[in-house]
Amino acid sequence: MTLPAPSPATAPPAPAARPAALPHGLWRWRSRSRPWPRLWSQRSQLLERQHSRIEALLEQLIDGEARTSLCQQLVRALGLHLRLEERWLAEAGCLCPGHRLSHRQAAELAARLPADSAERLSWLLDLQQWFHLHRYGADAIAYARAASAPTPFMSASR
């Protein structure tokens, strides 16, 4: 007895191919559709885009109604950004203990999301001040060190 050939509707999906325009090893896959950048120049661009989105969300919350759901979105975005930045700066050898401590302080501040909307504005202003000083201070220094590394940074991490 022979089994019938599988129909196209039940055939397994074809594996995703790497983008043709990118040289092998330039990207590392982070999901089915989005690759993780492996070079520092590309990583820093991604981190800067995250910085800009977080700053825009902070401004939106300060200028408008600071709804709890948007504040929680801010806290999640900031936490994910800080973890990714720490990981990549550590891999580049440019994460000092003080930078990591500063991230912990920001995470602790972000975790204290006030329930009262009157207190929330003060909380948002404190986060905005920390973020601005950090982005143009510690982050700028660490990013410059990573960019000036003698060889292009290629990580094998996921």
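This tour visits the helices of the structure in turn and points out selected residues along the way.

**Before starting**

The structure is a predicted model, in which local features need pLDDT of at least 70 and side-chain atom pairs count only at pLDDT 80 or more, while totals for chains, interfaces and linings use all residues. Residues are numbered from 1 along each chain as its sequence is written, and side-chain values use heavy atoms, with hydrogens and water left out.

**The whole chain**

Begin with the entire protein chain in a cartoon view. Its secondary structure comprises 4 helices and 2 strands, and the order along the sequence is β-β-α-α-α-α. Helices (H or I, at least four residues) and strands (E, at least two) are DSSP runs, numbered from the N terminus.

Next, display the surface. The protein chain exposes about 10200 Å², of which carbon and sulfur atoms supply 58%; accessible areas come from the Shrake-Rupley method with a 1.4 Å probe, and for residues only the protein chains shown count as cover. Of the 158 residues in the protein chain, 37% are buried. Here buried means under 20% relative accessible area, exposed means over 50%, and partly exposed lies in between (1.4 Å probe, protein chains only).

Contact means heavy atoms within 4.5 Å. Among the contacts in the protein chain with a separation of 6 or more, 65% join residues 24 or more positions apart.

**First stop: H1 and H2**

Select residues 40-63 for helix H1 and residues 68-91 for helix H2; their axes come within 10 Å and cross at roughly 160°. Axes are lines fitted to C-alpha atoms, for helices over the stretch in contact, and angles run from 0 to 180 degrees between N-to-C directions. H1 and H2 are therefore roughly antiparallel to each other. That label applies to angles over 145 degrees, whereas those under 35 count as roughly parallel, 65 to 115 as roughly perpendicular and the rest as oblique.

H1 passes H2 in a left-handed crossing. A crossing is left-handed if the near helix is turned anticlockwise from the far one by less than a right angle, and right-handed if clockwise. To view the contact, show side chains including Trp40, Leu47, Ile54 and Leu61 of H1, together with residues of H2 including Leu70, Leu78, His81 and Trp88. The residues of this contact of H1 with H2 divide into 15 nonpolar, 5 polar and 3 charged. Ala, Val, Leu, Ile, Met, Phe, Trp, Tyr, Cys and Pro count as nonpolar, Asp, Glu, Lys and Arg as charged, and the others, Gly among them, as polar.

**Second stop: H1 and H4**

H1 passes H4 in a left-handed crossing. By class, the contact of H1 with H4 has 15 nonpolar, 5 polar and 5 charged residues.

Now select Glu55 in helix H1. Glu55 counts as buried because its relative accessibility is 18%. Leaving aside neighbours within four places in sequence, Glu55 is in contact with Phe131, His132, Arg135 and Tyr136.

Select helix H3, residues 97-111. The crossing of H3 and H4 is left-handed. In H3, show His99, Ser102, His103, Ala106, Leu109 and Ala110; these meet residues of H4 including Trp123, Leu127, Trp130 and His134. By class, the contact of H3 with H4 has 8 nonpolar, 4 polar and 2 charged residues.

Gln105 also lies in H3 and counts as partly exposed, at 46% relative accessibility. The C-alpha atoms of Gln105 and Trp130 are separated by 9.4 Å, although the two are 25 residues apart along the chain.

Select Glu86 in helix H2. Glu86 counts as buried at 7% relative accessibility. Apart from neighbours within four places in sequence, Glu86 is in contact with Leu95, Arg100, His103 and Arg104.

Move to Arg100, placed in helix H3 and partly exposed at 37% relative accessibility. With the neighbours within four places again set aside, Arg100 is in contact with Glu86, Ala90 and Leu95.

**Last stop: Arg145**

Finish at Arg145 in helix H4, which counts as exposed at 51% relative accessibility. Arg145 and Leu89 are 56 residues apart in sequence and 9.4 Å apart in space, C-alpha to C-alpha.
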